[in-house]
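Q: Can you walk me through this one? I'd like to start with the ligands and then get to the domains and the helix packing.

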Amino acid sequence: MIAVIGAGAWGTALANAMAQGEDVLIWAREPDVVASINSDHSNPLFLPGVELSARVRATTDLRDLAGIDLWLVVPPAQFLGRVLGSAPLEAKPTLVLCAKGIEAGSHRLMAEVAAEAAPGAPLAVLSGPSFAAETARGLPTAVTLAAASEGQAAALAERIARPTFRPYASDDIVGAEIGGAVKNVLAIACGVAIGAGLGENARAAIIARGFAEMTRFGVARGARAETLAGLSGLGDLVLTCGSTQSRNMRLGMALGEGQTAEQALAGKLSVAEGAATAPVLAEAAAKAGVDMPISAAVASLLAGQATVPEVMDRLLNRPLRAEVR
Ligand SMILES: NC(=O)c1ccc[n+]([C@@H]2O[C@H](COP(=O)([O-])OP(=O)(O)OC[C@H]3O[C@@H](n4cnc5c(N)ncnc54)[C@H](O)[C@@H]3O)[C@@H](O)[C@H]2O)c1
Ligand SMILES: O=P(O)(O)OC[C@H](O)CO
């Protein structure tokens with residue numbers, strides 16, 4: 001049996017994919033979500049329109065996960081430490097971290113947060129281009145699965161691979177995490193460009209120059225550039241910047257159309273992780289001396305410290321430079 005923590009769209013989609021091979025127990029915070037998964041095999045709150053396998057069962061009690069050896073950990077990034085802190089981790093289950101973000105305040109990646117909450121538990125990171133609704137419907141999905149060694153990642157990949165769900169093993173945990181966290185911020189930037197009518201040239205420029213930012217930041221944090229060029233970095237960047245299925249892209253479009261961040265985020269149950277990651281990333285990059293002008297622009301827009309014309313002006317008037325370096 002596999003456990004899943006968090007029954008948002010991605011936790012539910014992963015549970016449904018995993019149920020093709022093993023029984024799954026999913027923990028949800030919301031009693032209504034547990035009730036609809038157990039009685040109707042659906043999660044209309046977070047993943048409407050998808051019929052779930054009867055092999056997925058749900059609980060609101062984290063203690064029910066005790067004894068399960070493999071957990072997919074899928075709450076929003078800012079809650080991951082708190083949720084793990086309440087979980088029965090005595091048996092040191094393998095934790096596959098699936099949230100994409102950087103912890104506010106501490107600037108820690110999810111594996112650093114989990115290592116403190118679950119000392120001694122084997123850790124892995126699953127990240128890549130994966131809209132939940134598509135994975136849940138069994139459409140082909142390939143992701144990076146990073147663990148402490150490529151051997152551990154490969155063994156885990158054997159366990160969680162399914163006919164249309166294909167993990168690629170890696171030993172670069174930091175690289176897999178940074179790609180997923182940074183692409184959400186860049187997707188907001190692409191959304192702003194589209195929402196403000198700046199055109200497709202601008203979107204492509206943000207993707208390419210954003211990828212340069214992601215690589216600079218990742219390498220400074222110890223990632224390998226080749227990981228950032230893979231599924232969890234460039235792959236997810238292209239997906240998220242190219243589709244209005246992305247919540248981050250849609251948030252950016254609302255900003256580009258003139259809404260404030262408060263207006264664009266009001267009443268939303270679902271998470272656009274880039275909104276929480278952007279200020280943390282801007283701070284962490286400044287602290288590390290890494291130049292990330294697009295991410296910094298997103299952070300100032302979200303904070304209401306600049307308008308779209310102002311950030312455009314700032315970006316376009318930076319000194320001309322060589323493309324590489
Ligand atoms: N949705 C996707 O397509 C997708 C794909 C890959 C990765 N992810 C990542 O998965 C993570 C979860 O996103 P999602 O899309 O499944 O969520 P979601 O937006 O569908 O749902 C929100 C989730 O937040 C949880 N939540 C709200 N307040 C909370 C709190 N105080 N403590 C703990 N949990 C709380 C809710 O219970 C719910 O599970 C994010 O890091 C996201 O970037 C999402
Ligand atoms: O809807 P988004 O922007 O959170 O993107 C979802 C996934 O991260 C895509 O891989």
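Q: Where does ligand 1 lie relative to domain 1 and domain 2?
A: This is a predicted model. In it, ligand 1 lies between domain 1 (2-171) and domain 2 (177-316), because both give residues to the shell around it.

Q: How many residues surround ligand 1, and which are the closest?
A: The shell holds 25 residues, and the closest to ligand 1 are Gly-8, Ala-9, Trp-10, Ala-132 and Ser-270.

Q: Which helix gives the most to that shell?
A: Helix H1, residues 9-18, with three residues.

Q: How does the shell around ligand 1 divide into nonpolar, polar and charged?
A: There are 15 nonpolar residues, six polar and four charged.

Q: OK, ligand 2. Which residues come nearest?
A: Ser-130, Asp-236, Ser-246, Arg-247 and Asn-248 come nearest, out of 13 residues around ligand 2. Two or more residues each are given to this shell by H7, helix H10 (231-241) and H11. H10 has the largest share, three residues.

Q: And what do domain 1 and domain 2 give to the shell around ligand 2?
A: At least three residues come from each of domain 1 and domain 2. By class, the shell around ligand 2 has four nonpolar, five polar and four charged residues.

Q: What does UniProt place there as "binding site"?
A: The unreviewed UniProt entry has that feature at Lys-100, Arg-247 and Asn-248. These positions are spread over 149 residues of sequence, yet they cluster in space, with a largest C-alpha distance of 13.1 Å. Arg-247 and Asn-248 are also among the residues that come nearest to ligand 2.

Q: Which helix is Arg-247 in?
A: Arg-247 is in helix H11, residues 247-256.

Q: Switching to the domains. What separates the centres of domain 1 and domain 2?
A: The centres, taken over C-alpha atoms, are 25 Å apart. Across the boundary, 25 residues of domain 1 are in contact with 23 residues of domain 2.

Q: Which elements give two or more residues to the side of domain 1 that touches domain 2?
A: Helix H4 (110-117) and the strands E6 (123-127), E7 (141-147) and E8 (165-170). E7 provides the largest share of that side, three residues.

Q: How do the residues on that side of domain 1 divide by class?
A: The side of domain 1 that touches domain 2 has 16 nonpolar residues, eight polar and one charged.

Q: Last topic, helix packing. At what angle do H7 and H13 pack?
A: Helix H7 (residues 173-195) packs on helix H13 (residues 273-288) at about 105 degrees, and the axes are 8 Å apart.

Q: Why do you call H7 roughly perpendicular to H13?
A: Angles of 65 to 115 degrees count as roughly perpendicular, so the pair falls in that class.

Q: Which residues make the contact?
A: From H7, Ala-181, Val-182, Asn-184, Val-185, Ala-187 and Ile-188. From H13, Glu-273, Gly-274, Thr-277, Ala-278 and Leu-281.

Q: And the classes in the contact of H7 with H13?
A: The contact has seven nonpolar, three polar and one charged residues.

Terms used: Residues are numbered from 1 along each chain as its sequence is written. Chains are lettered from A and ligands numbered from 1 in the order in which they are written. This is a predicted model: local features need pLDDT of at least 70, side-chain atom pairs count only at pLDDT 80 or more; totals for chains, interfaces and linings use all residues. A residue is near a molecule or strand if its C-beta atom, placed from the backbone, lies within 6 Å of it. Helices (H or I, at least four residues) and strands (E, at least two) are DSSP runs, numbered from the N terminus. Ala, Val, Leu, Ile, Met, Phe, Trp, Tyr, Cys and Pro count as nonpolar, Asp, Glu, Lys and Arg as charged, and the others, Gly among them, as polar. Domain bounds come from an automatic or database domain assignment. Axes are lines fitted to C-alpha atoms, for helices over the stretch in contact, and angles run from 0 to 180 degrees between N-to-C directions. Angles under 35 degrees count as roughly parallel, over 145 as roughly antiparallel, 65 to 115 as roughly perpendicular and the rest as oblique. Two residues are in contact if their C-beta atoms, placed from the backbone, lie within 7 Å. UniProt positions are given in the numbering used here, feature names are shortened, and annotations may be inferred rather than shown by experiment.
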